[in-house]
Amino acid sequence: MLLLQFSTSHYCRKARLALGYKKIAYEVENLTPGVHVFRIKPLTGLTTVPVLLPQLEAQPVAIADSTKILQFLEEYCASPPLLPKERSLQQQAWMLEDWLDESIGTATRFVYYHFRAKEGKASEPSPLSQLLIQVVIRQYGINPASVKLAAERLSLALDILWQHWQENPYLIGSSPSVADIAAAALLSPLALIPRYRQDYPWLMNRIAEIHHLCGEPLPPGL
């Protein structure tokens with residue numbers, strides 16, 4: 001299998017965690033933002049990463065979107081499972097994954113890129129890196145007002161996740177699920193921000209645990 005990705009994307013990290021958890025051999029092709037559309041769009045009709053190319057007979061040529069990739073992997077390789085056995089818990093796991101994907105992953109992006117452009121600029125000050133950061137900021141309309149809303153959304157989300165994880169090692173059921181994979185990946189950019197490392201050590205520990213379980217290198221900051 002081949003994963004087309006941006007190396008810094010937390011949505012691509014989600015796909016890598018799932019592949020690692022399933023112990024599926026794969027390679028990555030790192031794309032350049034902007035130019036990537038010439039590689040991606042002919043395959044999927046879209047311009048977003050990650051894209052998984054199964055490269056297997058009787059399988060789709062390309063699968064776009066991190067959630068679709070998780071769904072494919074669960075069907076393709078049932079063991080170890082990323083869903084509980086109970087159907088009701090499966091629905092809860094996918095609902096939580098969707099919330100993390102659509103809302104919390106976006107909030108993380110806003111807070112992370114605002115940090116990278118301001119006090120975190122020294123972490124990667126190269127002109128090319130800063131240019132790409134500014135492109136993302138303009139593309140998504142990241143500004144102080146939208147960052148404030150994103151930070152408030154993250155605060156509420158982390159309270160909810162803490163309640164889940166305080167009662168159980170995993171968000172849904174008694175083993176890792178798509179929800180844990182999504183949380184560990186989509187919140188991982190916060191590890192680079194000192195305030196989140198200081199205020200949410202339990203989150204950093206959980207992110208690290210899931211990464212170790214999946215055989216994925218830790219995100220920057222951990």
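**View 1. Arg-109, a buried charge without a salt bridge.** In this predicted model, Arg-109 sits in helix 4, the run from residue 87 to 117. Its side chain is buried, yet it makes no salt bridge. Which side chain of opposite charge is nearest to Arg-109? That would be Asp-101, and it is 8.5 Å away. A salt bridge needs the nitrogen and the carboxyl oxygen within 4 Å. Setting aside neighbours within four places in sequence, Arg-109 is in contact with His-10, Tyr-11, Tyr-140 and Ile-142.

**View 2. Asp-101 in a network with Lys-14 and Glu-97.** Here we meet Asp-101 again. Salt bridges link Asp-101, Glu-97 and Lys-14 into a network. For the whole model, the salt bridge count is seven.

**View 3. Glu-74 and Lys-22, a buried pair.** Here's another salt bridge: the closest N and O atoms of Glu-74 and Lys-22 are 2.5 Å apart. Glu-74 belongs to helix 3 (residues 66-76), while Lys-22 is in the loop between helix 1 (10-21) and strand 2, so this pair ties together parts that are 52 residues apart in sequence. Are these two residues buried or exposed? Both Glu-74 and Lys-22 are buried.

**View 4. Arg-39 meets Glu-29.** These two side chains form a salt bridge, with 3.0 Å from N to O. The pair links distant parts of the chain, 10 residues apart: Arg-39 comes from helix 2 (residues 37-44) and Glu-29 from strand 2. Arg-39 has 31% relative accessibility, so it counts as partly exposed. Glu-29 is at 25%, so it counts as partly exposed too.

**View 5. Glu-152 and Lys-148 along helix 6.** This salt bridge has its closest N and O atoms 2.7 Å apart. Why are Glu-152 and Lys-148 separated by about one helical turn? Because they are four residues apart in helix 6, which covers residues 144-167. Lys-148 counts as exposed because its relative accessibility is 53%. Glu-152, at 42%, counts as partly exposed.

View 6. In general, strands of a sheet pair through backbone hydrogen bonds, either parallel or antiparallel. Strand 3 (residues 51-53) runs antiparallel to strand 4, and two bridges join them. Look for Leu-52, which stands opposite Ile-63 in strand 4.

**View 7. Strand 1, covered on both faces.** Zoom in on residues 2-5, which make up strand 1. Leu-2 and Leu-4 are on one side, Leu-3 and Gln-5 are on the other, and all of them are buried. Strand 1 pairs with strand 2 (residues 27-30) in the parallel sense, over four bridges. Which residue of strand 2 is the bridge partner of Leu-4? It's Glu-29, the residue that also forms a salt bridge with Arg-39.

**View 8. A nonpolar patch on the surface.** Four residues make up this patch: Leu-128, Leu-131, Leu-132 and Val-135. Together they have about 340 Å² of accessible area. Val-135 is part of helix 5, residues 127-140. With 37% relative accessibility, Val-135 counts as partly exposed.

How values were computed: Residues are numbered from 1 along each chain as its sequence is written. This is a predicted model: local features need pLDDT of at least 70, side-chain atom pairs count only at pLDDT 80 or more; totals for chains, interfaces and linings use all residues. Side-chain values use heavy atoms; hydrogens and water are left out. Buried means under 20% relative accessible area, exposed over 50%, partly exposed in between (1.4 Å probe, protein chains only). Lys and Arg count as positive and Asp and Glu as negative; His and the chain ends are not counted. Contact means heavy atoms within 4.5 Å. Patches are made of residues with over 30% relative accessible area and no salt bridge: like charges are joined within 9 Å, nonpolar side chains (Val, Leu, Ile, Met, Phe, Trp, Tyr) within 5 Å. Accessible areas come from the Shrake-Rupley method with a 1.4 Å probe; for residues, only the protein chains shown count as cover. Two strands pair if DSSP finds at least two bridges between them.
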